[in-house]
Amino acid sequence: MQVSSLNEVKIYSLSAGRSLPEWLSDRKKRALQKKDVDIRRRIELIQDFEMPTVSTKIKVSRDGQYIMAVGTYKPRIRCFDTYQLSQKFERCLDSEVVTFEILSDDYSKIVFLQCGRFVEFHSQHGHYYKTRIPKFGRDFSYHYPSCDLYFVGASSEVYRLNLEQGRFLNSLQTDASESNACDINPVHFLFAMGTAEGKVECWDPRTRNRVGLLDCALSSVTADTEIEGLPSVSALKFDGALNMAVGTSTGQVLLYDLRSSNPLIVKDHRYGLPIKSIQFQHQLDLIISADSRIIKMWNKDTGKIFTSMEPEHDINDVCLYPNSGMLMTANEAPKMNIYYIPVLGPAPKWCSFLDNLTEELEENPETTVYDDYKFVTRQDLENLGLAHLIGSSLLRAYMHGFFMDIRLYHKAKMMANPFAYEEYRKEKIRQKIEETRAQRVQLKKLPKVNKELALKLIEEEGEEQQVARKRKQKNLPSLLKDDRFKVMFENPDFQVDEQSEEFRLLNPLVSKISEKRKRKLKLLEELEAQEQEEEEEPEGKASDAESSESSDDEKGWVEEVRKQRKLLRQEEKVKRQERLKEDQQTSLKPQFFEIKEGEEFRSFKDSAKKQKLMKKTLGDRLKLEEKLGTLDVSDTTVGSKQATFKLKKSEQQKKQQEAEKLHRQERKTLRRSASHLKSKRGRGRPFH
């Protein structure tokens, strides 16, 4: 079940998720439910609540037990029993249904208006009668007191068919060229019809005279609206005795009081699409209007938006289940959508478990990410210049960043980099042009990035293809044609740096490998030219030529690596000498510092040194330590470097070492003087 929220109104989509095919066996369905988590968690409120291709209209019977929907292909009607939560019956028709009406409280009496000017009547057992009207019909309404059906369509006349007498009556002659929609007021049974000229004509069925005319096309055009062509009436719906809502083909909904010719509210959908359906919700005084893209719910007194829904597929019809918060839609897709909005009302009796389910979901809310918010990190805020908003209500902390309004993000991004969109647009145009060029007949050209590598791959590919042809083997795929490595020859970030130390040390190896391949290919060609005159050597033993060749290659490779190392050392020495000259040329200028209040002046030699060291890069610090003797860097045989560090000695340790040296020197002098005295005494003169 998918949950969405707009204006703090939660909408539960009960038809979200994948549906299983009808032709699958029960065993396979159970196996899929075990494997697929989405199928296992889906809620199938009514079993097989869908059409083969498209559903066009959907209605609920007056007793609330049956839901009927028509669709294609083939044209058919399906009746679903809500008490059984499954399909009751399905009937196929001769032509597509424009609209239909349920005359009885259940499914026993239904009237269909079809595309081929046919009007078909169905009873409880099935097809009952079929007749035809003179012009193509677009809508019809049923007048209960007189049992008359009023048909409007591609004609200026309104055709009347009396079901009690079973014959057509005199039609109503209107001023309109065509009519699109009609409705009959449930209180005083006033008949209203919407014309193609954007007008609404109201007729009294008792006297069969026109009693009113509304110019909706003129009223729908305001200073903010932008329209193309004359708006026509596409939907019509009465509410009570005095209110009437009119939908136009340009996407406006007008709410009228029948006592006034001016609309109370004009609501624009802002999509420019014809209004398909209008419904009234009396508990919250809402109007539910829908075009093919969006369903909007708004207050009929103020016009303020309550909430809206945008289904994945185009909408054909909307049906509000009476006295509940359930909404059903017929779409340009096989599956018919079912939405449950708890704010509008409780769940119907046949699915009362939805209330408990939604309450459990509200008790354990989950953090959701909305489309109208943008996730940004602290670094992104600093780049946009919005770091001062941290802690305000405009940013909501989440994980390692913040959520902010997408409109604020776009404004700040435009101010920070106003040419970002132009650069993005130019890049997209360039990519499109390159895609069209790729479809043409192309010559073999080297890419813009890594040309030398591409040339080498092309040469190796040609050599390998020749070998494969001779040996009758399959060709291996090329790196240039592989999509996984395509970016390496398009993005400049993947350019091989030939001046880098690693490349210069590894390049001799690469070049020698390519030379070795060429030599092997030449040897193979010579062997094949001699038509295998020489005998083949046994497996597991190498020839003298190959052994001598491999030894020569190894010697050459070692010599080239040594040459590259010598060149690198010479370059490093030159760089060191240049840096020493720059250090000697720099002149030191005196700097003055202020001491903060409450602090004593000691010495800033250590702090100044530390600050200088912190500003320097790691490479400069390592070189400085190498000069001081605390670091020793040496090259290894593989090409990498080995670094040994010596710990720095503190001032106390230095003083102790100096004292120990002095003490040792004093002891040495004392020993020397004592030995000198002993030698003198041994050589002393005899006493007289």
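Me: What makes a group of charged residues a patch?
Reply: Patches consist of residues with over 30% relative accessible area and no salt bridge, where like charges are joined within 9 Å. A salt bridge is a side-chain nitrogen of Lys or Arg within 4 Å of a carboxyl oxygen of Asp or Glu. The model is predicted: local features need pLDDT of at least 70, and side-chain atom pairs count only at pLDDT 80 or more, whereas totals for chains, interfaces and linings use all residues. Residues are numbered from 1 along each chain as its sequence is written, and side-chain values use heavy atoms, leaving out hydrogens and water.

Me: Which residues gather in a patch of negative charge on the surface?
Reply: Glu-452, Asp-497, Glu-498 and Glu-502 do so; Asp and Glu count as negative, Lys and Arg as positive.

Me: Why is Glu-498 called partly exposed?
Reply: Buried means under 20% relative accessible area, exposed over 50%, and partly exposed in between (1.4 Å probe, protein chains only). Glu-498 has 34%, and is therefore partly exposed. Glu-498 lies in the loop between α8 (451–471) and α9 (501–529).

Me: Which residues form the patch of positive charge?
Reply: Lys-575, Arg-579, Lys-612, Lys-616, Lys-623 and Lys-627 gather there on the surface. Two or more of these residues come from each of α10 (544–585) and α12 (618–628). Helices are DSSP runs (H or I, at least four residues), numbered from the N terminus.

Me: Why does Lys-623 count as partly exposed?
Reply: Its relative accessibility is 33%, so Lys-623 falls in the partly exposed class. Lys-623 belongs to helix α12.

Me: How many of the residues in the protein are buried?
Reply: Buried residues account for 33% of the 688 residues.

Conventions: Patches are made of residues with over 30% relative accessible area and no salt bridge: like charges are joined within 9 Å, nonpolar side chains (Val, Leu, Ile, Met, Phe, Trp, Tyr) within 5 Å. Accessible areas come from the Shrake-Rupley method with a 1.4 Å probe; for residues, only the protein chains shown count as cover. The place of a charge is taken as NZ of Lys, CZ of Arg, CG of Asp or CD of Glu.
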